[in-house]
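Dear colleague,

I am handing over the structure we spoke about, and my notes on it follow below. Please read them with the model open beside you.

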Amino acid sequence: MQNYFYHHLLSFAIWLPVLAGVVVLASANEKKPNATRWLALLGGLLSFLVTIPLYTQFNFADGGLQFQEGFSWIPAFNINYHLGADGLAVPLILLTSFTTLIVIIAAWEVIQKRVAQYMACFLIMSGLMIGVFSALDAILYYVFWEAMLIPMFLVIGIWGGPNRVYATVKFFLYTLLGSLLMLVAFIYLYLNTGSFEIADFYRFPMPLQVQILVFLAFFVAFAVKIPMWPVHTWLPDAHVEAPTGGSVVLAAIALKLGGYSFLRFAMPIAPDAAHHLTPYMISLSLIAIVYIALVALVQKDMKKLIAYSSISHMGFVTLGFFLFNNIGLEGAIVQMLSHGFISAAMFLCVGVLYDRVHSRQIEAYGGVANTMPAFAAFAVFFAMANTGLPGTSGFVGEFMVILGAIQINFWYAFLAAFTLIFGAAYTLWMVKRVFYGEVANDQVAALSDLNKREFFILAVLALLVLALGVYPQAVTDMTNATVNELLTHFAQSKLPASLPAGL
Amino acid sequence: METIRYDLITALPELIVLCMAMVILLTDLFISPARRMVIYSMAQLTLLAAAYFSFSSHAPSVSTAFSGAFIDDAMADVLKLMMYLGTSFIFVYSRQYLQHRGMFRGEFYALVLFSLLGMMVMVSGQSMLTLYVGLELLSLSLYALVAMDRDNAKATEAAMKYFVLGALASGMLLYGMSMVYGMTGSLNLAEINMALMSGAKIHAVMILGLVFIVAGLAFKLGAVPFQMWVPDVYEGSPTAVTMLISSVPKLAAFAFVIRMLVQALPTLAVDWQQMLMIMAVLSILIGNITAIAQTNLKRMLAYSTISHIGFVLYGLMSATMNGFIFAMFYVVSYVLMTLAGFGIILLLSRPGFEADKLDDLKGLNQRSPWHAFLMLIVMFSMAGVPPTLGFYAKFSVLQAALAAGYIWLVVFAVLMAVIGAFYYLRVIKLMYFDDPLDTHSISAPMDARIVLGFNALALLVIGLMPEKLMELCIYTITSSLS
């Protein structure tokens, strides 16, 4: 039994939360929301616990795919249920199951209508996202990737703000458009390799023109998800309208799906195209970093500001990818994790305020620190982490990416580093207007400080942000071997020795 | 004598359906309205008996009867079994609806069985005449069914429109067939194929005949530019009849296309491929874009059907074995989705109220989370979002088209699928994000609820494990076409 468990760790990590979601849904009783909450918490906790062995059993020296398992799923198309995770996927899987747990706790008394459906959506979504991170068969991956949209669509649409329908439909259609082109690329590769195994895709040589088309098909899918400028416009809408839990999952995990997929698909399958298009990719990343940071500066809505800040921070991630050096790539991965914690925490902070005052506008607040001192301490800490204060996790990733960039081109590093100032400006300015100064109005005066539940989740996140800032080796030890492996993949040209007939 | 007996045994399921349809028609005259359930049970038992004989007589080998005009092969058997299942679902879903509207009469069941008989003859047709007779029997029964609710002006208008346009299409089909007959000297599909294969130069009249045949078929399938009747008939007919028109006959139409184009006219593949391509692209374009503007759920599903037919044509136009297999997979998936979709509409309607406006679905999640969830599966399946069956259907036909080299047409189809997703999402939006306008509790008989749950969940379960259905399609097409 124990052996069975250890051989199917990833399957447990995927299907346990899905099963928990179904159970929560099936046993729903509108009159007893508390029973539903406890059940969901139990499901979330179990789902988190089964992902822990992925860390303890991980072989740090191995950069390849571990915990592999699989069987033939749809032989007619040669589609396999094939799972596996490497040093890139495991931290993201842990992040996913952890964030889901946080979201369940954060929703405790905040969500009052249709509790069971809310909890079930997040549990099922957690399983599906872990599936995305661990699928090694393109169609299996695609099924998880698309299926994950359904619960997110419902979360934003049912529990979202006034303009939720527009936001959620935009979110769904943007992502669907991108992913369908990716599906066409998958089918093209399948017709040429006879299999949907990602490993077979890696080995398939393609001339540069074909590689560029394949890369672009992937690019559209992943750039929308990350999101990169100029296809980022769905994100601020979705974030603003989503309930707190939805924003947290979107920022902490959903955006990472895009980043992860770049490294798993686009770059190793079409490495020559990736190198060929690097100038464009770096330009888009720098535009995201600089321009979006400026956009964030003028936002009046706190959630929108954090959404733009997310896009800007994800710009660092894509910049790190396309530097093609060790430190840049590793920095990008650390940045993804760190952003997962920090943005989740910041959206939770906004959620704390929104639950009390029901406004996300910066101007509705002022002097909150006077009435909510404990909360203000946390909020200021996370804001500092967001600006990249040394000692927090926000610093490590950005610093590594900038170090990587300076090895390639001074101006890349200059522009990226310069933006840290903008980052500090928009974050701290918001903190100043919301938390400091005189108490702005009666509503702020009537605020009560954090309750135990809120204190607990913010404290856990703060500890993690500090831990990752002080001891990033916990992550980099894991990713080291994988990063080397990925870089050798990217460096191998896949141009055919001679052009195949007919081209 | 031996031959006659052999002929009759080969067509036993058809004979059962025929006899039972007439028995039901007669029994209805002698039975009190309170005991109409007997009629209903007889109709269901007919399907069961026909299914038993189709299943037990199935052999992988091909047998022909009636001097080669009638064929019993894998495709005939498999498609017939699916038709029985679909028709049985229709009977279950529609019973309460018909009772509420005074249409729970023997005529309905007799007419549906006659239309089923027409479809069965179509899938077993091995001569142009058999195919045509089957098609006409189907069409005439459907015209009458649309007009069943004779005091309803809209239904009468729909029936009239359907009849006039349908007769025109039948005329075109017959005209095309006459040209093919004139050029090849045979009505038998295999002999037509032989005549064309013999290498004589293909005369322009053959191509002209092909154009008329394809046009007639396109009308019956509801492909653009012959789609005009579809939305009006869907909207005007009683929902139970709409469900019938939109579902099972597509299986027969698919068989008709395979028999006519692939078995009889494969030598003209280059020509019909182009025609199907144009219709496929236009169907997907017009079906999806026009569906966005609809406020009537039945009309929206009509346009959605048109776009689904476009996807089926993507599989057929590849003119490869895989293309036909995947087209069949798509048609079967489509029938399952449509039955579940209309099943929910029927379940929500009650005396004096048709749940056929999009707004009638508002807040369904608050009224009945279970039915909202089933409709959610149906809608995502129609939109082709995994892990539902609709995804594999789209995935496989697109793969066939890509393998045949139509890369840009596939990209086009994919973009249209995104537009299509929009109006399916709107249905979900109404069910989940809006508050209900109507707070009547949903009353439906237990059997309808169970069958509906089974039907809609099948979309999810087969979506997770599509292998068996795919194997069935592979078996059917390869053993019938090799």
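**The two chains as a whole**

In chain A, buried residues make up 59% of the 503 residues. Please keep in mind throughout that this is a predicted model, and that the values below are computed from it. The secondary structure of chain A comes to 23 helices and 2 strands, and its C-alpha trace spans about 75 × 55 × 40 Å along the principal axes. Because a compact globule of 503 residues would have a radius of gyration near 23 Å, the 22 Å of chain A agrees with a compact globule. Of the contacts in chain A between residues at least 6 apart in sequence, 80% join residues at least 24 apart.

Chain B has 21 helices and 2 strands. Its radius of gyration is 21 Å, close to the 23 Å that the globule rule gives for 482 residues, so chain B is as compact as a globular protein of that length. The C-alpha trace of chain B spans about 70 × 60 × 40 Å along its principal axes, and buried residues make up 59% of the 482 residues in this chain. For contacts in chain B between residues at least 6 apart in sequence, 80% join residues at least 24 apart.

**Where the chains meet**

The contact between the chains takes 24 residues from chain A and 24 residues from chain B. On the side of chain B that touches chain A, the elements that give two or more residues are α18, α19 (residues 407–433) and α21 (residues 467–481) of chain B. The largest share of that side, 11 residues, comes from α19(B). By residue type, the side of chain B that touches chain A divides into 20 nonpolar, 1 polar and 3 charged residues.

**Two helices of chain A**

Helix α3 of chain A runs over residues 33–56, and its 24 residues reach 35 Å from the first C-alpha to the last, close to the 34 Å expected at 1.5 Å a residue. The buried residues of α3(A) are A:T36, A:R37, A:A40, A:G43, A:G44, A:S47, A:F48, A:V50, A:T51 and A:L54. What covers the buried residues of α3(A) includes the helices α2 (9–26), α4 (89–106) and α5 (115–134) of chain A, together with the strands β1 (66–74) and β2 (79–85) of that chain.

Helix α15 of chain A, residues 302–321, has 20 residues and reaches 29 Å from its first C-alpha to its last, which is close to the 28 Å expected at 1.5 Å a residue. Since 20 of the 20 residues of α15(A) are buried, this helix is largely enclosed by the rest of the structure.

**The strands of chain A and positive phi values**

Strands β1(A) and β2(A) pair in the antiparallel sense over 6 bridges, and A:Q66 stands opposite A:A85 in β2(A). Their hairpin has 4 residues between the strands, and A:N78 takes a positive phi near 60° there.

A:F67, which is in strand β1 of chain A, has phi near 55°, a positive value in a residue other than glycine. A:F67 counts as buried because 24 other C-beta atoms lie within 10 Å, where the cut-off for buried is 20 or more.

In chain B, B:F66 also has a positive phi, of about 50°, although it is not a glycine. This residue lies in the loop between β1 (63–65) and β2 (70–72) of chain B. B:F66 is partly exposed, with 18 other C-beta atoms within 10 Å.

**Cis peptide bonds**

In chain B, the bond from B:P386 to B:P387 is cis, with omega near 5°, and B:P387 lies in the loop between α17 (369–383) and α18 (389–403) of chain B.

With best regards

Technical notes
Residues numbered from 1 in each chain as written. Chains lettered and ligands numbered in written order. Predicted model: local features only at pLDDT ≥ 70, side-chain atom pairs only at ≥ 80, totals over all residues. Expected span 1.5 Å × (residues − 1). Buried ≥ 20, exposed ≤ 12 C-beta atoms within 10 Å, placed from the backbone. Contact = placed C-beta atoms within 7 Å. Pairing = 2+ DSSP bridges. Rg over C-alpha atoms; globule rule 2.2 N^0.38 Å. Nonpolar A, V, L, I, M, F, W, Y, C, P; charged D, E, K, R; others polar.
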